[in-house]
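Work through the exercises below with the sequence and the 3D structure at hand. Each task is followed by a solution in steps.

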Amino acid sequence: MSEGANLRQNLQNIPSIFDISAAETLDSLIYPALSKIFDFFHIRLDFKLWRTWSFREEVSPIVTWLLQYMYLHNRGASFGESFYGLQRTATDTGELITRRQQVISASILTMLPYFERKLKTRSAQHEDTTFGERYFLNALHAYQASKAIHTFMYLIKYAKSHSPIFRALGLTLRYPHEPPKEDKTTYVFLKLLEVLAFFLQFIQWWYSNDQRRKIGGTLKTPKSFTQGGENRNDLPKGYCPVCLMKITIPTACGISGYVYCWKCIVTHLKERSNCPVTGYEITLDDLVRIYET
């Protein structure tokens, strides 16, 4: 009877794949949401290293790493995992993660989505990628395929971990038998951060491309736009606002509605991800080829 009770307790202690997926989704929202907030306030690391060498990078990866490490150190779980009541434990012994595993877990939770987003942005803008970047993208695709296999094996109770990263670290996710022990100040602070999870989800929804297209009808056309001393709004009909010449291969921006030469707008997007006239954020997916009849 006691063996049956222990077995039932262990089964109840195993989270479902839906809880794990929800926790991963919440973790994936932290970096893009913080990026939007810091971009809005123009907060970046920008300073010169030596002579003409300069360093210009986002602050959001650093804040994301500190946030994840704080949760892993205090609760043995990431931000999303803690929100859904999960905890990272050793697969064999059931003990909480070590300091080394905390650092590695926080780094993976931060750097994996960071590099993935950067490389996908460069690829979407048809920028040249190095051999190392292409290798990382291929490795990322292989990891996603391996994770799908691990998830299936976890569903049929054949694997104790749901992802190859957890298996490599010797970790698994479980519901804790007892709540984590922490002082009142830390508890209140972490609870406030968990409440902000809904705010993170709202930020991600607000800046999603689909929602931006839905509210595109409310965008106002700028009264005047100048670049290089020329007023683009005074151009004759059929002229490109970028090269100031007759439009060749007319291409419209689906966000602002302005029409450019295909080569001009694509070249512009390789350097800046916005509409040259309105300044609205766009990508190559927002361009529409115009065919004259």
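Predicted model: local features only at pLDDT ≥ 70, side-chain atom pairs only at ≥ 80, totals over all residues.

**Exercise 1. Describe the ring pair of Tyr31 and Tyr114.**

Step 1. A pair of aromatic rings is described by the distance of the centres and the angle of the planes.
Step 2. Rings of Phe, Tyr and Trp (its six-membered ring) pair if their centres lie within 6.5 Å; planes under 30 degrees apart are stacked, over 60 edge-to-face, and the rest tilted. The structure holds six such pairs.
Step 3. For Tyr31 and Tyr114 the centres are 5.7 Å apart and the planes stand at 80 degrees, so this pair is edge-to-face.
Step 4. Tyr31 belongs to helix α2 (residues 17-40) and Tyr114 to helix α5 (residues 99-124), so the pair ties together parts 83 residues apart in sequence. Helices (H or I, at least four residues) and strands (E, at least two) are DSSP runs, numbered from the N terminus.
Step 5. Both Tyr31 and Tyr114 are buried.
Step 6. Tyr114 and Phe115 have ring centres 5.2 Å apart and planes at 65 degrees, so they are edge-to-face.
Step 7. Tyr114 counts as buried because its relative accessibility is 9%, whereas Phe115, at 38%, is partly exposed.
Step 8. Tyr31, Tyr114, Phe115 and Phe136 form one aromatic cluster.

**Exercise 2. Find the side-chain directions in β7 and the strands joined to β7.**

Step 1. In a regular strand the side chains alternate between the two faces of the sheet.
Step 2. In β7, Pro250 and Ala252 point one way, Thr251 and Cys253 the other, and all are buried.
Step 3. Strand β8 (residues 259-261) runs antiparallel to β7 and is joined to β7 by three bridges (two strands pair if DSSP finds at least two bridges between them). Thr251 stands opposite Tyr260 of β8.
Step 4. The hairpin of β7 and β8 has five residues between the strands, and Gly257 takes a positive phi near 90 degrees.
Step 5. Strand β9 (residues 287-289) is also antiparallel to β7, with three bridges; there, Val288 is the bridge partner of Ala252.

**Exercise 3. Which residues of the largest nonpolar core touch the most other members?**

Step 1. A nonpolar core is a set of buried Ala, Val, Leu, Ile, Met, Phe, Trp, Tyr and Cys residues joined through side-chain atoms within 4.5 Å.
Step 2. The largest core has 14 residues, and Tyr260, Ile265, Leu269, Ile282 and Leu287 touch the most other members.
Step 3. The elements giving two or more residues to this core are β8 and α10 (262-269). Helix α10 gives the most, with four residues.

How values were computed
Residues numbered from 1 in each chain as written. Heavy atoms only, no water. Buried < 20%, exposed > 50% of the residue type's maximum accessible area, 1.4 Å probe, protein only.
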